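Here's a quick briefing to read with the model open beside you. Follow along residue by residue if you like.

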Amino acid sequence: MEQMECPECGNEIESTEDLEQTEVPEVETDDDSFSLHGSTDLFLCSGCRKPMGVGRS
Ligand SMILES: [Zn+2]
């Protein structure tokens with residue numbers, strides 16, 4: 001996983017241990033072209049809980 005920084009709170013994210021993982025039910029929105037289909041894992045910044053990405057298995 002590439003190191004990244006939360007654009008919201010500046011929390012450095014070096015691994016999934018810096019993220020909070022949560023399971024997302026079926027969600028579909030057109031906001032910010034952020035669409036999820038089916039149940040999946042969503043990673044949230046552990047600092048501000050901003051969604052940082054979606055886990056794909
Ligand atoms: Zn953050």
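Among the elements of the protein chain, strand 2 (residues 12–13) comes out with the highest mean pLDDT, 89, while strand 5 has the lowest, 75. That score, pLDDT, is the predictor's confidence in each residue, on a scale from 0 to 100. This is a predicted model, so to speak of local features a pLDDT of at least 70 is needed, side-chain atom pairs count only at pLDDT 80 or more, and totals for chains, interfaces and linings use all residues. Residues are numbered from 1 along each chain as its sequence is written.

**Confidence and overall layout**

- Across the protein chain the pLDDT averages 77, and 63% of the residues score at least 70.
- The chain has five strands and zero helices, giving the order β-β-β-β-β from the N terminus.
- For the record, helices (H or I, at least four residues) and strands (E, at least two) are DSSP runs, numbered from the N terminus.
- Take the contacts between residues at least 6 apart in sequence: 37% of them join residues at least 24 apart. Being in contact means that the two C-beta atoms, placed from the backbone, lie within 7 Å.

**Strand 4: Leu-44 and Cys-45**

- Leu-44 sits in strand 4 and is partly exposed, because 16 other C-beta atoms lie within 10 Å.
- Leaving out neighbours within four places in sequence, Leu-44 has contacts that include Leu-19, Glu-20 and Thr-22, along with Arg-49, Lys-50, Pro-51 and Met-52.
- Leu-44 and Asp-18 are 26 residues apart along the chain, with 8.8 Å between their C-alpha atoms.
- Cys-45 is also placed in strand 4, but this one is buried, because it has 22 other C-beta atoms within 10 Å.
- Beyond four places in sequence, Cys-45 is in contact with Cys-6, Glu-8, Cys-9, Asn-11, Leu-19, Lys-50 and Met-52.
- From Cys-45 to Thr-16 is 29 residues in sequence and 9.4 Å in space, C-alpha to C-alpha.

- Ser-46 lies in the loop between strand 4 and strand 5, and counts as partly exposed because it has 17 C-beta neighbours inside 10 Å.
- Not counting residues up to four places away in sequence, Ser-46 touches Asn-11, Asp-18, Leu-19 and Glu-20.
- Ser-46 and Cys-9 are 10.0 Å apart, C-alpha to C-alpha, with a sequence separation of 37 residues.
- Arg-49 belongs to the loop between strand 4 (40–45) and strand 5 (51–55); its 14 C-beta neighbours inside 10 Å are why Arg-49 counts as partly exposed.
- Most residues other than glycine have a negative phi.

**The loop between strands 1 and 2: Cys-9**

- Where is Cys-9? You'll find Cys-9 in the loop between strand 1 (4–5) and strand 2.
- Cys-9 counts as exposed because it has 12 C-beta neighbours inside 10 Å.
- Setting aside residues up to four places away in sequence, Cys-9 touches Cys-45, Gly-47 and Cys-48.
- Cys-9 and Cys-48 are 39 residues apart along the chain, yet their C-alpha atoms are separated by 6.6 Å.

Definitions and conventions:
Buried ≥ 20, exposed ≤ 12 C-beta atoms within 10 Å, placed from the backbone.
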